[in-house]
Amino acid sequence: MWKDTSFRLLILFGLPLCCLTGKVFAGGTGQSVVAVAPKSVGLVAQYKLEGNAADTSGVQPAPAGILVGSPTYDAGPSGQAICFDGDDYVNCGNRSSFNLTSQLTVTAWIKVNKFDKEYQTIISKGDNSWRLARAGKSNSIEFACNGTAAAKWNGTGEVPWAVVGTTSVSDGKWHHIAGVFDGSTLYLYINGVLEAAKSGANSVSISNHNVLIGANAQVPGRDWNGLIDDVRIYDYALSQAEIASVMGKSQINLLEPVSATLFNIAKRYDKAKKFEEAKGVCQLILQRHPDSPYAGNAQLYISKRDILSLIESKKYTEVQPALDKMMVDFANHPDLPEALYSIAGRHSRARKFEEAEGIYRDIIQRFPNDPYAVKAKLNAPKIHVYYLIASGNYGEVQPAIDKLVADCMYNPDVPGIIYWFGKELEALKRYEDAKSVYQRVARDYFDNPHAPKADVRIPKMDILALIESGNDSAVQTGVDSLIANFRDNPDLAESVFNIGEEYYNQAASYEAQNLNVEAGDCLRKALVVCEKMITQLPKSIATAWAYNCAADCYSRFGQRKKAIEYYQVLLDGWPDYEFAWNALLLMGRAYQDLKEQGELSESEADTRTMEIYQQLLSKYPDSKAAPIAKRWLSRHVTN
Ligand SMILES: [Ca+2]
Ligand SMILES: [Ca+2]
């Protein structure tokens with residue numbers, strides 16, 4: 001067996017970074033696995049497919065597989081192989097020895113003629129027990145053991161109880177496939193090399209489905225199109241050395257130690273945001289390869305994920321002790337800066353700016369030459385500004401931006417970062433402060449894509465400030481000149497809408513205080529802005545917002561017909577509009593109001609409402625409006 005000695009030496013010489021890339025040590029240092037014959041008593045069935053489907057395991061008297069369709073035979077890697085063209089398979093029956101719950105291994109040689117159906121099957125005992133098959137519509141293979149995972153499958157992507165390969169086997173070449181379950185982990189080997197591993201804590205479910213080679217008894221239409229040879233079922237978990245023997249090899253040469261392969265598998269899960277799977281593989285490294293250098297990577301990964309989970313679940317008091325421990329335990333580990341960087345990022349997303357900044361500063365101080373220190377040098381002053389804004393220290397914001405600009409002068413992300421400070425201040429209604437920030441972007445980075453966004457927001461800040469002050473007589477002329485001056489600016493429509501929205505929100509807050517005259521006044525002003533958008537600006541999604549807002553205003557003013565007209569334009573012009581379901585509900589209500597006011601006959605109003613609510617139910621059955629529409633229909637529609 002190979003050893004990890006060469007990697008330990010690399011760590012000693014301070015070169016562990018090469019391990020992180022999972023790169024190969026080509027040439028003399030390659031690892032190899034020497035074949036070991038599997039235990040013959042563990043062989044449950046073997047189909048050599050030498051012109052027939054006899055079970056040659058010899059372990060027990062066993063009937064031959066029954067050929068279905070008309071499969072043929074052709075040269076295989078071991079004598080002959082069976083040849084399926086998409087409508088034939090071998091029925092191996094349903095023996096009790098196929099009910100393998102705690103451990104099993106399934107192996108086969110395969111050659112794909114065509115992947116033309118999803119989950120095309122090498123061998124399976126239905127979907128409810130175990131299967132070796134094409135992974136969905138991908139070009140690789142999966143080994144699935146139903147029952148081993150507690151999680152449910154959401155219908156797309158990787159099945160929780162399956163290990164999925166990465167090697168494309170749809171290349172017209174022979175590949176050896178082995179699926180292994182050892183009672184706690186699922187493994188998939190392709191050509192004797194580990195491709196995937198996943199924790200599977202529970203036992204494999206038993207099903208009554210026959211074992212089929214080349215098809216799935218539970219789900220028809222997954223017939224294999226290609227060749228299969230030497231199919232074996234074992235009742236225990238074969239080692240890699242035993243798989244080498246099954247393949248008929250004396251040894252398998254590996255490009256990297258298994259611990260490195262496992263860590264790369266964990267990183268693959270991490271990248272796919274399958275964090276529990278990633279953690280499971282890291283735990284496997286700790287159990288099986290505790291002395292490998294990857295044990296450190298694995299332990300650090302687990303610690304990092306645990307801290308991220310603490311932040312996500314808002315257990316902030318537990319974060320610092322865990323973080324301190326991680327910093328001590330992995331003080332010199334090359335993955336520590338990355339771990340700290342992601343923890344800082346999570347803090348920042350949770351708006352724990354002080355904590356985030358502290359970690360960025362730690363990275364800069366402790367690992368000045370690490371690539372993550374370069375990133376932290378931008379993030380530390382950036383998060384500091386967010387901290388100042390969040391804590392209300394507005395006076396310190398501009399000097400802090402000055403410092404950020406000075407420290408990160410050549411960083412191309414700086415204009416965007418500054419622009420977003422403006423958005424943050426704007427959201428807090430700090431319009432003067434936001435304006436200064438936008439002016440800086442427009443002036444100092446005039447050729448940056450954020451400059452035009454800032455340009456249009458500068459006058460917008462003045463207008464919003466006027467509304468905020470209550471001295472708003474100049475607002476509508478301000479909107480007119482905004483439209484005139486920024487006609488070609490892609491952010492114009494959104495900016496104008498924000499002004500209408502501001503009036504609309506003010507109306508809501510007056511209404512909450514029962515100040516109905518003031519509320520009505522604000523709604524009228526909001527409507528004027530929306531009408532300007534509708535009549536003067538090119539059609540965009542912001543026009544849809546304007547129609548929606550205007551329709552609501554008309555409705556409140558009692559102009560139901562106008563409201564209905566606007567909702568209809570909205571639904572016709574933007575069929576995918578996010579709140580189309582809400583527009584439909586309000587449109588139906590407007591018809592009912594017309595009926596109440598005697599402006600429309602009962603039958604016509606009810607017919608229109610019925611059509612609209614049926615449309616709502618069929619298009620948006622899961623929307624919040626659906627139950628309301630359903631209740632109305634059940635009361636008003638008689639069959
Ligand atoms: Ca056929
Ligand atoms: Ca054969």
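# Helix packing, sheet and domains in a predicted model

Helix α18 (residues 541–556) packs against helix α19 (residues 560–573) at an angle of about 160°, and their axes are 8 Å apart. Because angles over 145 degrees count as roughly antiparallel, α18 is roughly antiparallel to α19. This is a predicted model. Its protein is divided into domain 1 (40–239) and domain 2 (562–639).

**Helices α18 and α19**

- The crossing of α18 and α19 is left-handed.
- On the α18 side, the residues that meet α19 are A544, Y547, N548, A550, A551, Y554 and S555.
- Their counterparts in α19 are R560, K562, A563, Y566, Y567, V569, L570 and G573.
- Sorted by class, the residues of the contact of α18 with α19 comprise 10 nonpolar, 3 polar and 2 charged.

**Helices α20 and α21**

- Helix α20 (residues 580–596) and α21 cross at roughly 170°, and their axes come within 9 Å.
- α20 and α21 are therefore roughly antiparallel to each other.
- From α20, the contact is made by W581, L584, L585, M587, G588, Y591, Q592, L594 and K595.
- From α21, the contact is made by E602, A605, R608, T609, I612, Y613, Q615 and L616.
- The contact of α20 with α21 has 10 nonpolar, 4 polar and 3 charged residues.

**Helices α21 and α22**

- Helix α21 (residues 602–619) also packs with helix α22 (residues 626–636), at an angle of about 140° and with the axes 9 Å apart.
- α21 and α22 are therefore oblique to each other.
- The crossing of α21 and α22 is left-handed.
- In α21, the residues that meet α22 are D606, M610, Y613, Q614, L616 and L617.
- The class count for the contact of α21 with α22 is 8 nonpolar, 2 polar and 2 charged residues.

- An open sheet has 7 strands in the order β3-β6-β15-β8-β9-β10-β11, and the pairing is antiparallel.
- β3 (66–68) and β11 (162–164) stand at the edges with a single partner strand each, so one side of each has no neighbour in the sheet.
- Strand β10 (residues 141–145) runs antiparallel to β11 and is joined to β11 by 3 bridges.
- E142 has V164 in β11 as its bridge partner.

**Domains**

- The centres of domain 1 and domain 2, taken over C-alpha atoms, are separated by 53 Å.

Note on methods: Residues numbered from 1 in each chain as written. Chains lettered and ligands numbered in written order. Predicted model: local features only at pLDDT ≥ 70, side-chain atom pairs only at ≥ 80, totals over all residues. Axes fitted to C-alpha atoms, helices over the stretch in contact; angles between N-to-C directions. Helix = DSSP H or I, 4+ residues; strand = E, 2+ residues; numbered from the N terminus. Parallel < 35°, antiparallel > 145°, perpendicular 65-115°, else oblique. Left-handed = near helix turned anticlockwise from the far one by under 90°. Contact = placed C-beta atoms within 7 Å. Nonpolar A, V, L, I, M, F, W, Y, C, P; charged D, E, K, R; others polar. Domains from an automatic or database assignment. Pairing = 2+ DSSP bridges.
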